[in-house]
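This report covers one protein chain. It goes from the packing to the strands and then to the charged pairs.

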Amino acid sequence: MRLFIWEFMAGRPSSFKTEYIEQAYKLCLLGATDKQMCDFFGVNEKTFNNWKHKHPEFLQSLKNGKEIADSQIAKSLFNRAKGYSCKAIKFATFNGEITDREEYIENYPPDTTACIFWLKNRQPDKWRDKQEIITTPDNEVRERYLEAMKNLNADKMGEQQIQRKGKSVSGETT
């Protein structure tokens, strides 16, 4: 009996190529999601996830690219939140021709929306829109509350007794 190597293999051969490692890294730097990379490589998410498990260098390139992209965005958001300055160039034109150029420093003030976003994500307990405030009443407040509830119940019971006394057996009031 002759056995061939392909008799032991399960499924089709992988469509993974080593050049996908560098391509995936660059796509992550551009902010691509896993779904977008699946479309780029022409595979479904299950195949993409299998590549991550079977090729650790592929998974690491994804992690590295996403980490760098995320840190660049975080830095940009931080700069927007606190305000920043950068070099800029102003051009003067006459009849469609550039006649002069001048470098200057452009100042960008802090951005309130970026500040709010930053704080809500960094310190959600302090900055979220809805905060839960849990208080425990002190004994004096608790006692006043219980006394008020007793008085309310006593008043209701008194009203019920008066209403019962005011009705005769036939249901008429006396």
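Against which helices do the buried residues of α1 pack? They pack against α2, α3 and α4. Buried means under 20% relative accessible area, exposed over 50%, and partly exposed in between (1.4 Å probe, protein chains only).

## Basis

This is a predicted model: local features need pLDDT of at least 70, side-chain atom pairs count only at pLDDT 80 or more, and totals for chains, interfaces and linings use all residues. Residues are numbered from 1 along each chain as its sequence is written, and side-chain values use heavy atoms, with hydrogens and water left out.

## Overall layout

The protein chain has seven helices and two strands. Their order along the sequence is α-α-α-α-β-β-α-α-α. Helices (H or I, at least four residues) and strands (E, at least two) are DSSP runs, numbered from the N terminus.

Of the 174 residues in the protein chain, 15% are buried. Among contacts (heavy atoms within 4.5 Å) with a separation of 6 or more, 42% join residues 24 or more positions apart.

The largest nonpolar core has 15 residues. Such a core is a set of buried Ala, Val, Leu, Ile, Met, Phe, Trp, Tyr and Cys residues joined through side-chain atoms within 4.5 Å. M37, F41, F48, W51, F58 and L62 have the most contacts inside it. Two or more residues each come from α1 (19–29), α2 (34–41), α3 (45–54) and α4 (56–82). The largest share, five residues, is from α1.

In α1, the buried residues are Y20, I21, A24, L27 and C28. Seen down the axis, they fall within an arc of 130°, so they line one face of the helix. The arc is that of the directions from the helix axis to the C-beta atoms. G31 follows α1 and has a positive phi, near 90°.

## Around W51 and S15

Beyond four places in sequence, W51 touches S14, S15, F16, Y20, F41, V43 and F58. S15 lies in the segment before α1. S15 is partly exposed, at 38% relative accessibility. S15 and T47 are 32 residues apart in sequence, yet 8.9 Å apart in space, C-alpha to C-alpha.

## The hairpin

Strands β1 (residues 84–94) and β2 (residues 97–108) run antiparallel, joined by eleven bridges. Strands pair if DSSP finds at least two bridges between them. K90 stands opposite E102 in β2. Two residues separate the strands of this hairpin, and N95 in the turn has a positive phi of about 55°.

## Salt bridges

There are seven salt bridges. Each puts a side-chain nitrogen of Lys or Arg within 4 Å of a carboxyl oxygen of Asp or Glu. D111 pairs with R80, with the closest N and O atoms 2.5 Å apart. D111 lies in the loop between β2 and α5 (112–122) and R80 in helix α4, so the pair ties together parts 31 residues apart in sequence. R80 is partly exposed, at 42%.

E103 and R101 meet at 4.0 Å, N to O. E103 is exposed, at 52% relative accessibility, and R101 is partly exposed, at 49%. K120 and D129 meet at 2.9 Å. Salt bridges that share partners also join D34, K52 and K66 into one network.
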